[in-house]
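Subject: Structure handover

Hello,

The structure we discussed is below. My notes on a few residues follow it.

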Amino acid sequence: MISKRRLLAGLVAAASTAVLARSAAARSPAISSGELRGSIDASAHGVAPGGGETTRRNLQRLLTEAAGRNMPVYLPPGDYPMSGIDLPDGTRLIGIAGATSLILSGSGILLRAENARHIELSGLIIDGAGRAIAGDAPALALFRNVADLVIENCDVANGGKTGLHLEACGGRITRNRMTRAAEYGLYAVNSANLTVVDNIVSDCGNGGILIHRWEKGRDGTIVSGNRISRTGAGNGGTGQYGNAINLYRADDVIVSGNHIADSAFSAIRANSASNAMISGNHCSASGETAIYAEFSFEGAMISGNLVDGAANGISVVNFNEGGRLATISNNIVRNLRLVGPYTVEDPIFGVGISAEADTAVTGNVVENAPYGGLAFGFGPYLRNVTATGNIVRDAGVGCVVTVVEGAGDTIIANNIFQGARRGAIIGYRWREASTGDLAKGGAERFSHLTIEGNRVS
């Protein structure tokens, strides 16, 4: 047993040791924050807040020297107005998050890196100051052919074009805040296994996170855990702008666990992107179709998403362009509307889930779809669709299915339709209803349809 006297003596000794250690530290030379990090303190090399062109030249020289030694550079808190900083291979630039600001002072790019193995930025504010970016410069920060690009815990804001522009890069973009870009928060083209995780993207003029390729092919990017809000479509159009997450020609991409709100068009739009996995996303207040797989794709898994508020819920379409092969399962889609963000002749809005070819639709719940809860095919563009075990409540039509000549095999079985105002299952010829309620009878007239076991109330 330890006596109270011995315990007290031990505490006094420990306190005395701590006092002596603090006294020794006070007598020692000052240790900068950069040295504590094992980095080079830029303030000791002529890099000072507000230092103008002299600071820019000194920082450029220091980055080059430090990269050659594989040493990080620490940039203390302050505002550093500058432009045209080239990041050499091996750059590791570290600031204090929310306090170290690189502010665009000219009309060009603020940061640039090309043909590098490793570039790392962390704890920086990269601020475009709302300045217009001249010429063909695409973004506030441009990275080309960087094999391992790490941008972490940075603020990228007020870009006159795009915030971050990546071409043929790998690595990770994580825990950043990308806000108020005139174009896109992040544009990544021809990536190689890029990871875009846990970022906040808001108030961008034409798009949030874009994963594109110049030609269709494997991409392998993971887009997960991001919060994206208020994505605009300042350039207008019918869907090429205004998407929180947009895949284009990029195959083998995972989009999961993102929280997305107030997109001018889609929360998630995959155009000609094969083998896309879109799962566990929360999508609210989308201006057009919340989750879209369209045009020439093969393979889309759309599961476990929640869609609340959109013109259309989930669409897997464009069989006429080769769009096929999907599963749509275990999603909740609700509170749709008949009005979209553009006016075309006879638009179709207010649909919960649409599919056209080689697609299984199962275990979904659709509620408040004023046009139709489910919609299968358009004209002759329908093949191998099954709809089983779904629940549709409060819809204009429970299920719209094409009965145009040439339409392929479709099974609509064991679903529940409640409160379908114009009928549970109605055959359409293009845009016009042409049958009675096929859930009650008459489906035998259409050899491509199997309708059975549905419950209607």
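Which backbone nitrogen does the side chain of Ser274 reach? The side chain of Ser274 reaches that of Glu298, at 3.0 Å.

Before the rest, two remarks on the source. This is a predicted model, in which local features need pLDDT of at least 70 and side-chain atom pairs count only at pLDDT 80 or more, while totals for chains, interfaces and linings use all residues. Residues are numbered from 1 along each chain as its sequence is written, and side-chain values use heavy atoms, with hydrogens and water left out.

Ser274 sits in the loop between strands S23 (268-271) and S24 (276-279); strands are DSSP runs of E, at least two residues, numbered from the N terminus. Its side chain also makes a polar contact of 2.9 Å with the side chain of Lys216. A polar contact is a pair of N or O atoms within 3.5 Å; within protein, one must be able to donate a hydrogen and the other to accept it, and residues adjacent in sequence count only if both atoms are side-chain atoms. Ser274 has a relative accessible area of 9%, so it is buried (under 20%; exposed is over 50%, partly exposed in between; 1.4 Å probe, protein chains only).

Ser202, in strand S16 (residues 200-204), is buried at 9% relative accessibility. Its side chain makes a polar contact with that of Asp203 at 3.4 Å.

Regards

Key. Helix = DSSP H or I, 4+ residues; strand = E, 2+ residues; numbered from the N terminus.
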